[in-house]
Amino acid sequence: TEETPMEVDGLVTALERIEHATRDFVHPAHKAEAPAALLNVLEECGRVLGHAHAIDPGLDDARNEASRHCAAVQKNLSAVLEEVRQLHVTVSGLLPTLVRIADRE
């Protein structure tokens with residue numbers, strides 16, 4: 001089945017929006033809010049949280065919980081960033097061809 005020009009245009013628009021959103025997610029304008037900055041902080045600070053300080057058993061329990069959450073966020077955010085990067089690369093490769101097809105119709 002052949003795509004209609006409107007379907008191709010809709011696909012191009014969707015891909016352009018995905019491309020911009022993925023680019024902005026990976027390279028946000030505000031470095032302080034960058035996901036990569038969060039990963040760096042989690043990596044550096046997670047090590048500190050991982051060491052027992054023996055201040056108070058209740059505090060150590062909370063510190064252990066924070067350390068587990070820190071590690072989980074770090075792992076999951078790393079995986080999300082990689083998936084977003086791969087999505088951006090795939091969409092960026094697909095978009096020029098679809099734009100050429102749309103321009104011909």
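**Notebook: looking around helix H3**

I started with Ser67, which is in contact (heavy atoms within 4.5 Å) with Gly46, Leu49 and Gly50, once I leave aside its neighbours within four places in sequence. This is a predicted model, where local features need pLDDT of at least 70, side-chain atom pairs count only at pLDDT 80 or more, and totals for chains, interfaces and linings use all residues. I number residues from 1 along each chain as its sequence is written, and side-chain values use heavy atoms, with hydrogens and water left out.

**Ser67, continued.** I placed Ser67 in helix H3, residues 57-104. Helices here are DSSP runs (H or I, at least four residues), numbered from the N terminus. Is Ser67 buried or exposed? Its relative accessibility is 17%, so I put it down as buried. The cut-offs I use are under 20% relative accessible area for buried, over 50% for exposed, and partly exposed in between (1.4 Å probe, protein chains only).

**Confidence.** I checked pLDDT next, which is the predictor's confidence in each residue, from 0 to 100. The protein chain has a mean of 78, and 81% of its residues reach 70 or more. Where is confidence lowest, and where highest? I found the lowest mean, 74, in helix H1 (residues 5-26), and the highest, 86, in H3.

**Salt bridges.** I wanted to know how many salt bridges the structure holds. There are two, taking a salt bridge as a side-chain nitrogen of Lys or Arg within 4 Å of a carboxyl oxygen of Asp or Glu.

- Asp60 and Arg63 pair through their side chains at 3.4 Å, N to O. They sit three residues apart in helix H3, so about one helical turn separates them. I noted both Asp60 and Arg63 as buried.
- Glu82 and Arg85 form a salt bridge at 3.7 Å, N to O. Why about one helical turn between Glu82 and Arg85? Because they are three residues apart in helix H3. Glu82 has a relative accessible area of 36%, so it is partly exposed. Arg85 is at 36% relative accessibility, so I call it partly exposed.

**Gln74.** My last stop was Gln74, also in helix H3. With 23% relative accessibility, Gln74 counts as partly exposed. Which residues does Gln74 touch, not counting those up to four places away in sequence? I listed Leu39, Leu42 and Glu43. For Gln74 and Leu42 I also looked up the spacing: 32 residues apart in sequence, but 6.3 Å from C-alpha to C-alpha.

Technical notes:
Helices (H or I, at least four residues) and strands (E, at least two) are DSSP runs, numbered from the N terminus.
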